[in-house]
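Keep the sequence and the 3D view open while reading.

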Amino acid sequence: MLLVCMTLFSGCAAIGLDSKGLMSPPREEGSRGEIQSLLADTVGGEVTFRYPYKGEYRSAIIMKDFTGDRKEDAIALYEAADGSGGTTVSFMIQQNGQWKILRSFTNTAVQVDRVCFADLDDDGKREVVIGWGNSTSNSSQACVYDYTQNGVVELVMEQGYGEMAVTNLINDGREELFVATLSSDTKALAQLVWISDGALQIVEAVTLDPTVFQYASVSVGLISQNQMGIMLDGLKADSSMVTQIIYWDDEEETLKAPYSDTASQKMNITSRNAAASYTSRDIDGNSVIEFPVVNLMPGVTETSKDPVSYLVNWNQFDTKSQTPIRIMSTVMNSNDGFWFLFPESWRDKVTCRSDIATHSTTFYEWLEDDGSGNPAAGAAILKIQVFTNSEWKTGSRGYTQIAERGGLIYAAAIPEKNHELAPSISEVKDSFHFLSLE
């Protein structure tokens, strides 16, 4: 389920490319080809490239201005030539039309977690931030590479991280490096880091939930209409997932994490089990990040592994009242790759079940009394089924196509069109959405 969540929902935390499968690409033309030749000459043979595992930059050769002269520079990541198995990063500039290595650094890590860029010292140019190691196994270390009058300088964070991102939470026009650590020998912390007087400085920190053993996703942006913040999704030992919300309080001038204190850990409303471990996202496309609060569908037990047994309520966070504001509710079928907007008129009146074998999802009226004094599922009011092309041609009678993706046809049937809770086909089409594959 963690793999599904990471694949379907996140950006920074998404699983990346396999570096072993991309070790020996063909020689490129232009600047990248010249850089490959320079590296080969430097190490005395063809280089084995290392590709960032996560984040926006996934290339082993990244073209980016790190000197601040508005000209394109280059950063290359490749296996260390000293036989140690580590990774070398080389910083390169162009002089008189030729590429030149300014400086190289070798790290013992065999994997590059990610590469980010941030102006951490407010000097108008963006420093290079490299996460060495594997944050998925909680063993990454962040290093900041700052171009100064003395060349490229390496600044190492002493403590490893579980998740990191470039942010501007303090809202002073200056970027920070957000670093989330996990509980081990020290407290689990959310930290904002700058460069001050040539050294890394922790500007502000707040305690995080110590029972989270691995972060699944970090989302940075608006958490309500006028508040920047971070949604940090994490896994616990029992495979449940929680969301921690971190933001800067302008009035108190401090970093806050309202769902991370001791009292909130015991009653965190964001806690959801493995079958519904969806990560935070902008679910409605309005540029505000929502976090999930999950409830059981009527007639469902907490042990259910059926993903549609859970109603996922998507919320923004109001910092003034310290409460969630529900924006919408959905049923998420991660097995078949779609979500469905759950009408307000169905709340407490409709339940849902899916069938993995037939790739069908059925919504039923929920009866508080089935006539014998017991609650039960009643009439089916909507059925969504996934067909292959051959199945669609031979066994789709009664269904109407509502979407298509990857050679599969998604179709809906309304068994009792006159039922008071039954939707129209047009309403079903409007409410049906694919899960992101990014």
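A polar contact is a pair of N or O atoms within 3.5 Å; within protein, one must be able to donate a hydrogen and the other to accept it, and residues adjacent in sequence count only if both atoms are side-chain atoms. This is a predicted model, where local features need pLDDT of at least 70, side-chain atom pairs count only at pLDDT 80 or more, and totals for chains, interfaces and linings use all residues. Residues are numbered from 1 along each chain as its sequence is written, and side-chain values use heavy atoms, with hydrogens and water left out.

Q: With which residue does the side chain of Ser-309 make a polar contact?
A: Ser-309 sits in the loop between strand E17 (291–296) and strand E18 (310–318). Strands (E, at least two residues) and helices (H or I, at least four) are DSSP runs, numbered from the N terminus. Ser-309 touches Asn-295 and Cys-352, among others, not counting residues up to four places away in sequence; contact means heavy atoms within 4.5 Å. The polar contact spans 2.9 Å and joins the side chain of Ser-309 to that of Ser-304.

Q: Is Ser-309 buried or exposed?
A: Buried means under 20% relative accessible area, exposed over 50%, and partly exposed in between (1.4 Å probe, protein chains only). Ser-309 has 2% relative accessibility, so the residue counts as buried.

Q: Is Asp-348 buried or exposed?
A: Asp-348 lies in the loop between E20 and E21. Leaving aside neighbours within four places in sequence, Asp-348 is in contact with Pro-298, Trp-366 and Glu-368. Its relative accessibility is 60%, so Asp-348 counts as exposed.

Q: What is the relative accessible area of Met-332?
A: Met-332 belongs to strand E19 (residues 323–333). Met-332 is buried, because its relative accessible area is 0%.

Q: Which strands are the edges of the open sheet of 4 strands?
A: Two strands pair if DSSP finds at least two bridges between them. The order is E1-E2-E3-E4, with antiparallel pairing. Each edge strand pairs on one side only; the two are E1 (61–63) and E4 (98–107).

Q: Which helix packs on the sheet?
A: The helix covers residues 30–43 and touches E1, E2, E3 and E4. Its direction makes about 55° with that of E4; axes are lines fitted to C-alpha atoms, for helices over the stretch in contact, and angles run from 0 to 180 degrees between N-to-C directions. The name is H2.

Q: What percentage of the protein chain counts as buried?
A: The chain has 5 helices and 26 strands. Among its 438 residues, the buried share is 50%.
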